[in-house]
Amino acid sequence: MANKFSCTECNFLNCHSRGKEFPRKCLTTAEGNEELLQESLSSFSDDPQVNQIMQASAQVEGQYYGQLTRVEEIVVFAKKIGARKIGIASCFGVIQENRIFADILRANGFETFGVLCKVGATDKCSVGIADQDKIKPGGYEAMCNPIMQAELCNQEKTDLNVISGLCVGHDSLFIKYSAAPVTYLIVKDRVLAHNPIGALNTSHSYYKRLLSGVALNESDRALGNAAERKINRNR
Ligand code: SF4
């Protein structure tokens, strides 16, 4: 499939320092993008919440660059945006760590509200997930319910929600349904101790295989083909 030139293919990175040239198909200088740029800049000044988040994140970066852990950055960021109550969307697998995180937030004056991914205690089959797609087919296996996690945080009127260990895709749904702004603490990677960049850092050696395509099982290949056919039909 032909891939449109974008920033991941750019070796100039001139938007960062403006010391060289912009590439021919640069996303900064491309026709029509000037308008998008101006619209985005207007949002930063016109929307008070966007402005506050932008200022706070820039201050966290600029004032504490390389000095704070992510945990500390979240504390400082939350203070800067005036958050009082923080939702923690927790994965079952890292609940111990999230208990500590909640302690840290409380020690810094925040109210916390944690919701586990398994809230609702519902079997996966209830939402049409096939029994054979369970980790251990044949018995009750609790589904993750990121929508309920988000709605419970919304009910509690949390000012900021922190995703901590949610599965890929469940995090997408949590973000979609969360009323409050969302940031991440733990990005789940069951293989790499929640350090997904490890696969990229070792893609020249141990994880070389990733560059020749991720190995999919038969059913996933069939799903992928069907999705691709649908995309092509809609083009
Ligand atoms: S915006 Fe332009 S210069 Fe910056 S990374 Fe993208 S293509 Fe390269």
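**Fold and packing of the protein chain**

Of the 235 residues in the protein chain, 17% are buried; a residue counts as buried if 20 or more other C-beta atoms lie within 10 Å of its own, as exposed if 12 or fewer do, and as partly exposed in between, with C-beta atoms placed from the backbone. The model is a predicted one, in which local features need pLDDT of at least 70 and side-chain atom pairs count only at pLDDT 80 or more, while totals for chains, interfaces and linings use all residues. Residues are numbered from 1 along each chain as its sequence is written.

The protein chain contains nine helices and four strands; these are DSSP runs numbered from the N terminus, with helices (H or I) of at least four residues and strands (E) of at least two. Their order along the sequence is α-α-α-α-β-α-β-α-β-α-β-α-α. The C-alpha trace spans about 60 × 50 × 40 Å along its principal axes. Among contacts between residues at least 6 apart in sequence, 53% join residues at least 24 apart; two residues are in contact if their C-beta atoms, placed from the backbone, lie within 7 Å.

Strands of a sheet pair through backbone hydrogen bonds, either parallel or antiparallel. In this model, four strands form an open sheet with the order 2-1-3-4 and parallel pairing, where two strands pair if DSSP finds at least two bridges between them. Strand 2 (111-116) and strand 4 (182-186) stand at the edges; each has a single partner strand, so one side of each is left without a neighbour in the sheet. From one strand to the next, the twist averages 25°. Strand 1 (residues 85-90) runs parallel to strand 2 and is joined to strand 2 by six bridges. Axes are lines fitted to C-alpha atoms, for helices over the stretch in contact, and angles run from 0 to 180 degrees between N-to-C directions.

Helix 3 (residues 48-63) packs with helix 4 (residues 70-80) at an angle of about 140°, and their axes are 9 Å apart. This makes helix 3 oblique to helix 4; angles under 35 degrees count as roughly parallel, over 145 as roughly antiparallel, 65 to 115 as roughly perpendicular and the rest as oblique. In the contact, A56, S57, Q59 and V60 of helix 3 meet E73, V76, F77 and K80 of helix 4. These residues divide into four nonpolar, two polar and two charged; Ala, Val, Leu, Ile, Met, Phe, Trp, Tyr, Cys and Pro count as nonpolar, Asp, Glu, Lys and Arg as charged, and the others, Gly among them, as polar. Buried residues of helix 4 include I74, V75, F77 and A78. Their cover includes helix 3, strand 1, helix 5 (95-107), strand 3 and strand 4. Helix 4 is followed by G82, with a positive phi near 75°.

A193 lies in the loop between strand 4 and helix 8 (197-201). A193 is not a glycine, yet its phi is positive, about 50°. A193 counts as exposed because it has 8 C-beta neighbours inside 10 Å. H194 is found in the loop between strand 4 and helix 8, and has a positive phi of about 60° although it is not a glycine. With 18 other C-beta atoms within 10 Å, H194 is partly exposed.
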